[in-house]
Amino acid sequence: MTDRSPDVTTAEDAPPAFALTTGRTLGYHRAAVDTFLASARKAFELGGDELEAADVRTASFPLVKGGYVVADVDAALGRVEDAFAARERERVVRARGAGAWVEQAREDAQVILDHLARPARHRFARTGVLTFGYRVDEVDHVATRIVRYLRDGDALTAEQLRSAAFRMQRGGYREEQVDALLDATIDVILAVR
């Protein structure tokens, strides 16, 4: 029998970093999330380039019973992504000046606007009639909000785009194209904060 003093805490004894799912609800695999966040913290503290805001945004974890509540982890990942994006912005501004950063954000915004200038229901490639993709009307609604944000200055946050979810339909928009445009828009939003 091992004698442990009361002030020594092991990983198994530590309270979970996030709320846990119960019942049949699935959550993110605890060890996968903990490992990713520990490596993100280390990368941020050391100031290295091995992890960027986009890497945080695209992080994914297995879903398991008794895992971390998805919404809680996603909210934390959003904050981590914001921190990495701010650091990336500071680096570019120091190296090339604020004008270069703003010009790049403006160019990226124009590419998005050019893409979304296509007529509704034709903004992205479609899946085949037997294959599911994102619901066209729902994506077009979000696309309209993006255009209004970029062109008119209407309110839109990175968190709103991070949490955008679309139902599926046969012959819908191709997921990878929609996701890439949402990611590019989030980059613009984070760039001009």
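This is a predicted model: local features need pLDDT of at least 70, side-chain atom pairs count only at pLDDT 80 or more; totals for chains, interfaces and linings use all residues.

Entry 1: How many cavities of 30 Å³ or more does the count come to? I found one. The largest cavity holds about 30 Å³ of space.

I then listed what lines the largest cavity: Phe 124, Val 139, Val 142, Ala 143, Ile 146, Val 178, Leu 181 and Leu 182. Two elements give two or more residues each to this lining, namely helix H5 (136–152) and H7. H5 has the largest share, with four residues. Sorting the lining by class, I got eight nonpolar residues, no polar ones and no charged ones.

**Entry 2: the whole chain.** I stepped back to see the overall plan. I noted seven helices and four strands in the protein chain. Read from the N terminus, the order of elements is β-α-α-β-α-α-β-α-α-β-α.

For the dimensions, I looked up the box that the C-alpha atoms fill along the principal axes, and it is roughly 70 × 50 × 25 Å. The chain has 193 residues, and 33% of them count as buried. Among contacts between residues at least 6 apart, 80% join residues at least 24 apart.

**Entry 3: the largest pocket.** Next I turned to open spaces. The largest pocket has a volume of about 580 Å³. Its lining is made up of 24 residues, and those closest to the centre are Arg 57, Ala 59, Asp 74, Arg 162 and Ser 163.

Which elements give two or more residues to the lining of this largest pocket? I wrote down helix H2 (53–57), H3, helix H6 (158–162) and H7. The largest share comes from H3, with five residues. By class, I noted 13 nonpolar, four polar and seven charged residues in the lining of the largest pocket.

**Entry 4: the second largest pocket.** The second largest pocket has a volume of about 270 Å³. I counted 18 lining residues, with Glu 88, Trp 101, Asp 108, Asp 187 and Ala 191 nearest the centre. The elements giving two or more residues to this lining are H2, H3, helix H4 (98–116) and H7. Its residues divide into ten nonpolar, one polar and seven charged.

**Entry 5: where H3 meets H7.** Helix H3 covers residues 70–96 and helix H7 covers residues 175–191. Their axes come within 10 Å and cross at roughly 65°. Is the crossing left-handed or right-handed? I put it down as right-handed.

Which residues in H3 meet H7? I found Glu 81, Asp 82, Ala 85 and Arg 89 on the H3 side. On the H7 side, the partners are Ile 186, Leu 190 and Ala 191. By class, this contact has four nonpolar, no polar and three charged residues.

**Entry 6: a last cross-check.** I paged back and followed Ala 191 through my notes. Ala 191 is in the contact of H7 with H3, and Ala 191 is also among the residues nearest the centre of the second largest pocket. H7 itself also gives two or more residues to the lining of the largest cavity.

How values were computed
Residues are numbered from 1 along each chain as its sequence is written. Side-chain values use heavy atoms; hydrogens and water are left out. Axes are lines fitted to C-alpha atoms, for helices over the stretch in contact, and angles run from 0 to 180 degrees between N-to-C directions. A crossing is left-handed if the near helix is turned anticlockwise from the far one by less than a right angle, and right-handed if clockwise. Contact means heavy atoms within 4.5 Å. Ala, Val, Leu, Ile, Met, Phe, Trp, Tyr, Cys and Pro count as nonpolar, Asp, Glu, Lys and Arg as charged, and the others, Gly among them, as polar. On a 1 Å grid over the protein atoms alone, a cavity is a set of points where a 1.4 Å probe fits but cannot get out, and a pocket is an open set with protein on both sides within 12 Å along at least five of seven lines; lining residues have an atom within 4 Å of a point. Grid points are joined across faces, edges and corners, and a volume is the space filled by probe spheres set on the points. Buried means under 20% relative accessible area, exposed over 50%, partly exposed in between (1.4 Å probe, protein chains only).
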